[in-house]
Amino acid sequence: QVQLEESGGGLVQAGGSLRLSCAASRSLFSFYTMGWYRQAPGKQRELVAILTSGGSTNYADSVKGRFTISRGNAKNTMYLQMNSLKPEDTAVYYCKLTAVEDYWGQGTQVTVSS
């Protein structure tokens with residue numbers, strides 16, 4: 001079993017930045033992919049960004065050029081740097097790790113005011 005804990009969410013004005021962190025209870029190197037997802041009120045959870053064990057990244061079109069997923073120097077932490085935030089980025093953000101099965105964090109709220 002793996003525990004994930006997100007942090008870094010909060011309230012920010014449009015155009016601002018936030019960095020989300022996801023701390024795992026074990027090294028990330030054993031996972032196939034690491035990702036960030038988000039769910040806005042009344043909407044389905046959607047992919048924001050993925051980082052594979054090989055270092056490839058993939059982003060939702062809506063965040064390309066603004067968000068960056070990365071793995072920290074600490075072996076059990078990954079990040080989502082979010083710049084030029086927009087009100088439509090408001091959602092609960094979740095980290096997800098995939099190995100044989102999927103592991104999800106509890107989510108962190110990001111609210112972008114206009």
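The model is predicted, with local features needing pLDDT of at least 70 and side-chain atom pairs 80 or more, while totals for chains, interfaces and linings use all residues. Residues are numbered from 1 along each chain as its sequence is written, and side-chain values use heavy atoms, leaving out hydrogens and water.

User: What makes Phe31 and Tyr103 an edge-to-face pair?

Analyst: Rings of Phe, Tyr and Trp (its six-membered ring) pair if their centres lie within 6.5 Å, and planes under 30 degrees apart are stacked, over 60 edge-to-face, the rest tilted. Here the centres are 6.1 Å apart and the planes sit at 80°, so edge-to-face it is.

User: Why is Phe31 called buried?

Analyst: Buried means under 20% relative accessible area, exposed over 50%, and partly exposed in between (1.4 Å probe, protein chains only). Phe31 comes in at 1%, so it counts as buried. Tyr103, with 10%, is buried too.

User: How do you know that Arg45 sits over the ring of Tyr94?

Analyst: The rule wants NZ of Lys or CZ of Arg within 6 Å of the ring centre and within 35 degrees of the ring normal. The charged end of Arg45 is 3.7 Å from the centre of the Tyr94 ring. Arg19 lies over the face of Tyr79, at 4.0 Å.

User: What makes β3 and β8 a pair?

Analyst: Strands (E, at least two residues) are DSSP runs, numbered from the N terminus. Two of them pair if DSSP finds at least two bridges between them. β3 and β8 have six bridges, in the antiparallel sense.

Notes
Helix = DSSP H or I, 4+ residues; strand = E, 2+ residues; numbered from the N terminus.
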